[in-house]
Amino acid sequence: MKKLLMTGVALAALAGGASVAGAGDVKIGIILGFTGPLESITPNMANGAELAIAEVNAAGTLLDGSKVVPVRADSTCIDASAATAAAERLVTSDKINAIMGADCSGVTGAILANVAVPNGVVMVSPSATSPGLSTADDKGFFFRTAPSDARQGVVMAEILKDRGFDTVAVTYTNNDYGKGLADSFAAAFKDIGGTVTINTAHEDGKADYSAEVGALASAGGDALVVVGYTDQGGKGIIRASLDSGAFDTFVLPDGMISDNLAEDIGPGLNGSFGQYPGTDSQGAEMFQKIAKDAGFDGTSTFAAESYDAAALIMLAMEMGKSADSAVLKDHVMHVANAPGEQIFPGDLAKAIKILKDGGDVDYVGATAVELIGAGESAGNYREIEIKDGSIETVKYR
């Protein structure tokens, strides 16, 4: 583990600056919102991906000894033009072989349409959850290890009903992620007998959300569902709600769950609850241990999905005997699913050997990976509640 940790630290340092790669090396672009509304959870997402890369490099056997070099780029999470430009640099200047990312749904769709598909580059997103991506014209180059919000909306509705909530107000960040999840939830909640009093957008980057909260309060509801970002408007909505007394219980989906939010809001967030992708599988426990040994929190939102996304890219390369995206895209679904020997975090060297010897692997990974349909996760969720300022796991769904 000491060797693995040292390798990971070295790779992380490399990824933060200019990349140095030999002619036979493989480059994986890691494009995430290092600035923007998810910047507090992005570092652990990158750490997760780079941990998988460090594990493979420690083995030294991928594609007969190729070194994998991560190259970071900033998606900003919300600026499609900036994200597209960053992805273009990864492809044209850095000559990356595949992309681990992007993170937010809007920028992911922009990169997919404008960069990945035209250049034939595989993308495996750990966190882009918009239902619209399920039907994107991706030519087989796009996959994701986080489930679609079509699934999250149903899970969130079930959690509310199980907790005895019959009426809720909904506010969502005005983009693909926000609207997609809000609409999915509203439909699912209605189907099981719940009432959505209002379902309205908010804009990020405002200093004052009192007007938005006033409209939500007028509509009423037993709780406020905040489909937003932990470092942006979602936080502002919660603050304004608490300041005015409009709501005191908040329902938090994946983009709103971070230690920073719990610390920043303080006791007013106690009793609020929500969900984000996660599982109590054997692989999750294994990942959390190796992440802790590497110096970061493996339970952080989308960290495990990022490890799995990078791992799938590299195993697909080995199965196809090529780092060319045009080849590896045809092997992602195969390494992700049965049949084959089950592969968990820490097993990547073993997986490479099995593939090298002509065998099959079933990558279970940190999130009980099972890719369905157009290459997306079937979906497992961790239900959480804020207690005494901390995020506590209640159960898994």
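Me: How many residues has helix H5, and what is its reach from first C-alpha to last?
Reply: This is a predicted model. In it, H5 runs over residues 149–162, so-called by its 14 residues, and reaches 19 Å from first C-alpha to last. That is close to the 20 Å expected at 1.5 Å a residue.

Me: What caps the N-terminal end of H5?
Reply: Ser 148 does. One of its side-chain oxygens lies 3.0 Å from the backbone nitrogen of Ala 150.

Me: And what follows H5?
Reply: Gly 164, with a positive phi near 85 degrees.

Me: Which residues of H5 are buried?
Reply: Asp 149, Gln 152, Gly 153, Val 155, Met 156, Ala 157, Ile 159 and Leu 160.

Me: How do the axes of H5 and H6 cross?
Reply: They come within 8 Å and cross at roughly 50 degrees. That makes H5 oblique to H6. H6 covers residues 176–191.

Me: Left-handed or right-handed?
Reply: The crossing of H5 and H6 is right-handed.

Me: Which residues meet there?
Reply: From H5, the list includes Asp 149, Gln 152, Gly 153, Met 156, Ala 157 and Leu 160. Those residues are also buried. On the H6 side, the residues are Tyr 177, Leu 181, Ser 184, Phe 185, Ala 188 and Phe 189.

Me: New topic. Lys 235: buried or exposed?
Reply: Lys 235 is buried, because its relative accessible area is 15%, and the cut-off for buried is under 20%. Lys 235 sits in helix H8, residues 233–244.

Me: What is Lys 235 in contact with, leaving aside neighbours within four places in sequence?
Reply: Tyr 229, Thr 230, Met 256, Leu 261, Asp 264 and Ile 265.

Me: Now the backbone. Where is the peptide bond cis?
Reply: Ala 102 is in the loop between strand E3 and helix H4. Another joins Ala 338 and Pro 339, with omega about 5 degrees. Pro 339 is in the loop between helix H13 and strand E11. For context, most peptide bonds are trans.

Me: What about phi at Asp 64?
Reply: Phi of Asp 64 is positive, near 60 degrees, and the residue is not a glycine. Asp 64 lies in the loop between helix H2 and strand E2. At 72% relative accessibility, Asp 64 is exposed.

Me: And Ala 368, what is its phi?
Reply: Positive, about 55 degrees, although Ala 368 is not a glycine. Ala 368 is in the loop between strands E12 and E13. Its relative accessible area is 26%, so Ala 368 counts as partly exposed.

Notes
Residues numbered from 1 in each chain as written. Predicted model: local features only at pLDDT ≥ 70, side-chain atom pairs only at ≥ 80, totals over all residues. Heavy atoms only, no water. Helix = DSSP H or I, 4+ residues; strand = E, 2+ residues; numbered from the N terminus. Expected span 1.5 Å × (residues − 1). Buried < 20%, exposed > 50% of the residue type's maximum accessible area, 1.4 Å probe, protein only. Polar contact = N/O pair within 3.5 Å; in protein donor to acceptor, adjacent residues only side chain to side chain. Axes fitted to C-alpha atoms, helices over the stretch in contact; angles between N-to-C directions. Parallel < 35°, antiparallel > 145°, perpendicular 65-115°, else oblique. Left-handed = near helix turned anticlockwise from the far one by under 90°. Contact = heavy atoms within 4.5 Å.
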